[in-house]
Amino acid sequence: MITQPRDESRDEPVVLDAGELAADPQLEARFAESAHRILAGLVAGGAALGWVDPPSRDEVAELLGGVVSAVRAGDASLRTAYVDGALAGFGYWRRYTRPTHRPHADLEKLAVDGAAHGRGVGRALTAALIADARERDIEVLTLDARGDNTAALRLYRSLGFTEYGRLPDFVAVGEARYDKVFCMLDLRRPA
């Protein structure tokens with residue numbers, strides 16, 4: 001279990017990188033199951049995470065296995081956030097695979113447990129992922145979000161991301177259609 005300094009008035013999340021996660025066998029063993037619980041719950045509630053139906057445990061395990069492999073190869077960053085010793089969220093970026101795009105990375109997923117919304121988990125994770133990108137000399141960090149995900153878009157803007165494009169009615173969820181919004185953070189500029 002994570003030991004964390006407690007400031008009862010703040011309850012700030014503890015953010016770990018993939019190495020710190022792997023260093024704690026108990027956390028690492030529970031990570032995929034906890035991540036599945038978060039993703040399945042969010043998707044069941046209509047969250048914009050790339051699935052229409054909640055993903056299976058196997059889908060999430062395969063996804064996370066690919067991310068961890070990319071982290072080991074130096075082509076990704078994975079961050080996890082814990083509140084009161086429980087996984088409250090996670091996020092990751094991966095470097096683009098095309099040789100001409102290798103200086104850049106895409107923040108592919110950021111998921112925060114519904115019970116932890118409003119506690120600064122998303123901000124802490126995104127800030128840590130941005131710091132990791134800077135440290136690894138990523139030039140431009142991109143992401144995309146569903147147009148109705150206003151809370152996420154507001155968070156990304158507040159951390160310096162700017163919108164660079166939009167595909168109207170691109171995301172299909174049953175009969176509903178949503179814009180796909182593209183954002184970028186140019187890390188070639190000073191912080």
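Strands, like helices, are DSSP runs numbered from the N terminus, and a strand has at least two residues. With that in hand, welcome to a short tour of this predicted model.

**Starting inside strand S5**

Thr142 sits in strand S5. Is Thr142 buried or exposed? Its relative accessibility is 9%, and buried means under 20%, so Thr142 counts as buried. Setting aside neighbours within four places in sequence, the residues in contact with Thr142 are Tyr96, Ala105, Asp106, Leu107, Tyr164, Cys183 and Met184.

S5 covers residues 140–146 and pairs with strand S7, residues 176–186, in the antiparallel sense. Seven bridges hold this pairing. To find one of them in the viewer, look for Arg146, whose bridge partner in S7 is Lys180. Helix H5, residues 150–158, packs on the sheet here and touches strand S4 (105–112), S5 and S7. The direction of H5 makes about 160° with that of S5.

**The whole sheet**

How many strands form the open sheet? There are seven, in the order S1-S2-S3-S4-S5-S7-S6, and their pairing is mixed. S1 and strand S6 (162–173) are the edge strands, each pairing on one side only. From one strand to the next, the twist averages 25°.

Val14 has Tyr82 as its bridge partner in S2. In a regular strand, side chains alternate between the two faces of the sheet. Which residues of S1 lie on its covered face? They are Val14 and Leu16, while Val15 and Asp17 make up the uncovered face.

Asp84 lies in the loop between S2 and strand S3 (86–95). Although Asp84 is not a glycine, its phi is positive, about 55°. Asp137, in the loop between helix H4 (121–135) and S5, also has a positive phi in a residue other than glycine, near 60°. Gly174 belongs to the loop between S6 and S7. Between Gly174 and Ser77 there are 32 Å in space, C-alpha to C-alpha, and the two are 97 residues apart in sequence.

Here is how accessible each of these loop residues is:

| Residue | Relative accessibility | Class |
|---|---|---|
| Asp84 | 44% | partly exposed |
| Asp137 | 61% | exposed |
| Gly174 | 54% | exposed |

**A pair of helices**

Two packed helices are described by the angle between their axes and the distance between the axes. For helix H2 (residues 25–44) and helix H3 (residues 57–72), the axes come within 9 Å and cross at roughly 120°.

On the H2 side, the contact is made by Phe31, Ala32, Glu33, Ala35, His36 and Leu39. H3 brings Arg57, Val60 and Leu64 to it. Sorted by class, this contact has six nonpolar residues, one polar residue and two charged residues.

Definitions and conventions:
Residues are numbered from 1 along each chain as its sequence is written. This is a predicted model: local features need pLDDT of at least 70, side-chain atom pairs count only at pLDDT 80 or more; totals for chains, interfaces and linings use all residues. Side-chain values use heavy atoms; hydrogens and water are left out. Axes are lines fitted to C-alpha atoms, for helices over the stretch in contact, and angles run from 0 to 180 degrees between N-to-C directions. Helices (H or I, at least four residues) and strands (E, at least two) are DSSP runs, numbered from the N terminus. Contact means heavy atoms within 4.5 Å. Ala, Val, Leu, Ile, Met, Phe, Trp, Tyr, Cys and Pro count as nonpolar, Asp, Glu, Lys and Arg as charged, and the others, Gly among them, as polar. Buried means under 20% relative accessible area, exposed over 50%, partly exposed in between (1.4 Å probe, protein chains only). Two strands pair if DSSP finds at least two bridges between them.
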